[in-house]
Amino acid sequence: MSFGYMGKILVVDLTRQRSQCHDLPGDIAAQVLGGKGLGAKLLAELVPTGANPLGAENALVYATGPLTGTNAPSMRGCVVTLSPLTGMFNDSYFGGHFSQELKYVGYDALVITGRAPEPVFLSINDGEAGFHPAGEIWGKDTYETYDLVRSRLNDSSYRISCIGPAGEHMVKFALVDCDPHRQAGRCGAGAVMGSKNLKAVAVRGSHPVRVKDPEAFKIAQARACAELRASQATQDLAEFSTVSVMPFSNEYGFFPVRNFTGGQYERAAELFADQHHRDVWMRHWACAGCPIHCGKMGMIRKGKYRGTICDNVEYETVGLLGGNLDISDVSALSYFNQVADRLGLDTISLGAVLSFVVEAYNRGMLSSTALEGLRPAFGALDSLLALTQLIARRQGIGHVLADGVRSAAEHIGQGSSEFAAHIQGLETPAWGPRGSYGMGLAYLTGDRGGCHQRGFPIGYETAGQWEGRQLADGHHLEDRAQVTIWEQNYLAALYSLTICEFGRSGISTSTYLDLLLAATGIRLTDAEFFRAGERIWNAIRMFNLEQGWSQDRAAMPDRFREPLPQGIMKGHRFRPGDEGQLLREYNQARGWDETGRPTEETIRRLGLPDLQARRILR
């Protein structure tokens, strides 16, 4: 295999400190495509039933797609593993340059197994793997780690993926930072990396990614860029980053406020994009090969943290560290975000955990003594920063909070689970599901927990249309399954290419398929592309079931059973029985039984037995 794909997978055994190269069969690649699908296939082969996510038996997979490293715009990579936070499959995506360089090294995926006896970092230079002691780097933050690894290798051209102190201490929502400071954020992949005593992976390569039909690829690539330029949604992202969606979210009541007690923030305008532009942003920047330039480098220009160089704060962070913690000062929020990035913490989960702590303290369930003398409050940045440091290093109360909000509520008890905002163990993102039954269903059925990136029916519900059909708004239970399934299948296929969601806002399916055909020679119709996504989604559900997941985990937290107090969707909530009705419709439409398990007919229809029987790693 020599077009689009590199045709090779590198498996690194940290226990024995050796590596082995495996071929990627072309017929398997055509079924799973890459990225999400390839990662899921490798994880199913490697991780035994009942595996400890923080044990040596878990695997960590860096997976690329067939268009990664080509001139196709807006391509990314992903980290795939068994999540220590949810006990489920996890695929977490990142931009930057690391995944492209992994292709140039010569591999479609890097699989890391075992556990090093002492801290190490891994280097791969044009296919040659090296193991380096990392004792003096252990304990350093992500920014420091980049500099130290490049200094050790005496080469600034390496692209690096690493963890911060949170990953080293196996905080279950620790992230993997990918050069330059793009994050595989959700579900705790950083904790898995830390459990393996792996501080960083550095890659440098010179192998080009060849495409099968260069002229057709050039035409398709030009069309993709033209579609991005013509898309207003993409242009908004280019100008204002994801913060551009905040006025919409706040107006409808989806925005998280003070641990999701509200959905419309009274000081929302102080967090809009123009405020970031005025106080922090200085220039645009882009990930490899991307014409969108959604990144915003800047410097805090006033206040206590004046002079701090920082990246932009994305919408999800504005929601969970901003409105959900009642922090409306853009300079303070930018500093908070940078602290989390340097420590290696997912800001969505961090914001949910901290807001839970504030509410538990306000209700008298946690004392100042239990909180190491801190008196956390909404809007009190200093106490929240202090708690963040405790969490990252598992010190004092931080040891409890480092396992996530579901575990923290179980530990604290006293009815605190009533306001612990998580779905399937994953802290709720900045799109509160009250007012959108479709979004609620996407959270209940997400393959990695309650995640907004596994289906986003909110957009269709508020627009009133889906694929040319009229769609009732989010107050309606009926007809939520089809749009949610369509989104999940489509995204599973797109994430296997592996596209950036910002590219999806402009590039059409036909253009993606033309890029795939020109790059690899794999010709798929729209229906076949969606079928590939459906196959991948079902394979992951089967993996989750084997790891002990059950549908009774799929329940809305009590917080979302309280009426939404503001916004266009005011008064909406999840009532008893709503989840049951949504899941019954969903399972039937999926071809799953009442417990959420794919039926034998569905498994055969998607060709899963043949795919499972074929192995990549022997």
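Select helix α2 (residues 35-46) together with helix α22 (residues 526-546): they pack at an angle of about 30°, with axes 10 Å apart. Helices here are DSSP runs of H or I with at least four residues, strands are E runs of at least two, and both are numbered from the N terminus. Axes are lines fitted to C-alpha atoms, for helices over the stretch in contact, and angles run from 0 to 180 degrees between N-to-C directions. Under 35 degrees counts as roughly parallel, over 145 as roughly antiparallel, 65 to 115 as roughly perpendicular and the rest as oblique. α2 and α22 are therefore roughly parallel to each other.

Before you go on, bear in mind that this is a predicted model, where local features need pLDDT of at least 70 and side-chain atom pairs count only at pLDDT 80 or more, while totals for chains, interfaces and linings use all residues. Numbering starts from 1 along each chain as its sequence is written, and side-chain values use heavy atoms, with hydrogens and water left out.

Now show side chains at the helix pair. Which residues make the contact? On α2 they are K36, G37, A40, L43 and A44, and on α22 they are I536, I540 and F543 (contact means heavy atoms within 4.5 Å).

Next stop: the open sheet. Pick up its 6 strands in the order β2-β1-β6-β3-β4-β5, and you'll see mixed pairing. Two strands pair if DSSP finds at least two bridges between them. β2 (18-23) and β5 (89-94) stand at the edges with a single partner strand each, so one side of each has no neighbour in the sheet. From one strand to the next, the twist averages 20°.

Stay there and zoom in on β3 (residues 60-63) and β4 (residues 77-82), an antiparallel pair with 4 bridges. Click Y62, and its bridge partner in β4 is V79.

Then move to β7 (residues 120-125) and β8 (residues 128-133), which pair antiparallel over 6 bridges. L122 is bridged to F131 of β8. The two strands make a hairpin with 2 residues between them, and D126 in the turn has a positive phi of about 50°.

Last, select β13 (residues 281-285) and β14 (residues 295-299), antiparallel over 4 bridges. H284 has K296 of β14 as its bridge partner.
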